[in-house]
Amino acid sequence: MSDDAPMTNTAQLLTGTGVGRGTAVAGAVFISPSPIVPENEESGPPEVEIARVKQIMAEVANNLRSQAQASSKTLADVLHAAAAMAEDPALMDQITTSIEAGAGPATAVDEAVNHFAKMFQEAGGYLAERVTDLMSVRHRIIAKILGVPEPGIPDLTEPKIIIAEDLSPADTAALNLNHVAGIVTELGGPTSHTAIIAGQLGIPCIVGVKGILDIARPATVGVNAVAGNAIINPSAAQKEMLKKQGEKLAKLVQDATPAATQDGHRIDVLANIGTVSDAERAKDASIGGVGLFRTEILFLRRQSAPTKEEQAATYGQVFDQFPGQKVVTRTLDAGADKPLTFATLADEENPALGVRGFRTARVHPNLLADQLAALAQAANTKDVDSWVMAPMIATAGEARAFADQARAAGIQTVGVMIEIPAAALRAEQILGAVDFLSIGTNDLAQYTMAADRLSADLVDLTDKWQPAILELIAATAAAGKKLNKPVGVCGESAGDPLMALVLTGLGITSLSMAPPATIAVRYLLNQHTLAQCQEMAHAARTAADAQKARDAVLNLIDPEARETLGL
Amino acid sequence: MAQRQAQIASSSGLHARPAQLFVQAAVETGLPVTIAVAGKEPVDARSILSVMGLGISQGTTVELAAEGEGAEAALDRLVEMLETNLDE
């Protein structure tokens, strides 16, 4: 395979979600596709086939176990679990039954695995994520049965871009990481295993890139993880550009000076997290703390609420990751798309407009009381600047009630979220009762536009550039300026680098986002003055529609910064 | 037949590492151990796929059963394991 693609190939741009850091250019290595079970597979005598499959399953399990021995603890756990799957007796029972009924051995394995994969997929959440592990076990067993090469990573002797449908933990374990310049996968999202590993190791990576498996081979691939795009067969000029972008971005990652505009106007650029492991990944010198700690995950998939002590321990573990830094915790936001068995009213006709967020305290007052006590207890024992806010506040009265209760529980800095248009319109009165505001742009968009945020048919309405949404953000920011109190944004908007400039121009004081997004946001802030941000905010607010608002802002971006981020 | 109840202590429930350790321990008893949760059929405790498929979270009560020599002592060991937080 050559690193230099034929001259006739023109560059092609594919986009996905960038999750690693920096840029890379190298020859592409395609991970063998999953083995395909032949139709009407031939089969020998059942007892012979059963014995053969049993032996192969044991071999696969043993290989996984020896890989586990050479791996770090987290990966070893995953590999041990995969080994247990490879010789699972329930799986074996089903395979045996199918072979006895006349199925070919690979067909039998395929059917048995699919039975469990379907069950895991339907269960959702954690189990659905384990399907990748199960499928990688399937591929190994079936490849051995069919005598085809096991899908997996070839031995790398020089830096390459790895291209795959998705990488399982077992695949990543087999990677010679010194020679992985970048990773591009067709499937997966920002929280997939591939994304997490690449993020930890600082490998430029893009996930969810449709069409990457269909590119002509051989190919050279340029990866820009910050912009989230892959350039197939880049020109010499594009390669040079990627190299320059990479150098700049590498410097940026190292840079731990607080985020600010070019003329020194400080903005808190913070991380959104939901778990202790998110917190561990987000602790980074260049991220100033946490702007949104979602606590629902601690409560999900449980029959009863976690105890005060259990909550305090978890909050303490999160606080430990951010010594001396700000951590903004959002109290339980149950209901609507995040139902909890013990905190959600059954049969609400319209849950998005029902008893959710702070409103849950009307029916289950103990949940909030326990959570506030646990947060105060955890903050007392840790060196952390703990802020606490309530979601789904509609009135100044609710804000005051929450503030009184939180302060009585021992919380020092109390705020509320602005997600309801009524609250944005009365931001000044609400902010009078609390210490800070945080705007949840996803819900604010849904309630402002009366359009379900999860509806794929209405995405044009919930577009974060809708002028009406920007007006409500501007009104909220203005209240902050008037009362000289912080107003942050912690929704999806904050992580869009263009929108981050607009928000800064509107007077927002902190931006909280998925940790990988912080790099581009910090960089773009640093390339523009506060006056420029204000000009962009004006341009966006006065635009006729969402598309024109974004275009107007893009036109005001520094051309070199546009190039660096591939905007 | 020996039977025991246990309450799951691991923070992640009976998934991931705790599930793998439990299944390994069940295999090591050499007995056909089953595990059940309310409302579902008992499954083979030596099958990680079946155990994970139960979707057991922290605080859930499970019922173990086994037959054979040493079943009582074996179940006692498994109960002790389930009632320890294996995520820590």
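Helices (H or I, at least four residues) and strands (E, at least two) are taken as DSSP runs, numbered from the N terminus. The model is predicted: local features need pLDDT of at least 70, side-chain atom pairs count only at pLDDT 80 or more, and totals for chains, interfaces and linings use all residues. Residues are numbered from 1 along each chain as its sequence is written, while chains are lettered from A and ligands numbered from 1 in the order in which they are written.

Chain B comes to three helices and four strands. From the N terminus on, its elements follow the order β-α-β-β-α-β-α. Of the 88 residues in chain B, 42% are buried. A residue counts as buried if 20 or more other C-beta atoms lie within 10 Å of its own, as exposed if 12 or fewer do, and as partly exposed in between, with C-beta atoms placed from the backbone. Contacts were assigned where the C-beta atoms of two residues, placed from the backbone, lie within 7 Å. Among contacts in chain B between residues at least 6 apart in sequence, 68% join residues at least 24 apart.

The four strands of chain B form an open sheet with the order 1-4-2-3 and antiparallel pairing. Its edge strands are strand 1 (2-7) and strand 3 (43-44) of chain B, each pairing on one side only. Two strands are said to pair if DSSP finds at least two bridges between them. Strand 1 of chain B pairs with strand 4 (residues 61-66) of chain B in the antiparallel sense, over six bridges. Within this pair, A2(B) has A66(B) of strand 4 as its bridge partner.

Chain A contains 24 helices and 16 strands. Buried residues make up 49% of its 567 residues. Among contacts in chain A between residues at least 6 apart in sequence, 67% join residues at least 24 apart.

Strand 5 (residues 180-185) of chain A has six of its six residues buried, so it is largely enclosed by the rest of the structure. Strand 4 (residues 160-164) of chain A pairs with strand 5 of chain A in the parallel sense over five bridges. Here I162(A) is bridged to I183(A) of strand 5. Strand 5 of chain A also pairs with strand 6 (residues 205-207) of chain A, in the parallel sense over two bridges. In that pair, the bridge partner of V184(A) is I206(A) of strand 6.

Helix 22 (residues 530-541) and helix 23 (residues 546-555) of chain A pack at an angle of about 155 degrees, with their axes 8 Å apart. Axes are lines fitted to C-alpha atoms, for helices over the stretch in contact, and angles run from 0 to 180 degrees between N-to-C directions. The two helices of chain A are therefore roughly antiparallel to each other; angles over 145 degrees count as such, under 35 as roughly parallel, 65 to 115 as roughly perpendicular and the rest as oblique. Helix 22 of chain A contributes M536(A), A539(A) and A540(A) to the contact, and helix 23 of chain A contributes A549(A), A552(A) and V553(A). By class, this contact has six nonpolar, no polar and no charged residues. Ala, Val, Leu, Ile, Met, Phe, Trp, Tyr, Cys and Pro count as nonpolar, Asp, Glu, Lys and Arg as charged, and the others, Gly among them, as polar.

The contact between the chains takes 20 residues from chain A and 18 residues from chain B. Helix 2 (73-86) of chain A gives the most to the side of chain A that touches chain B, with five residues.
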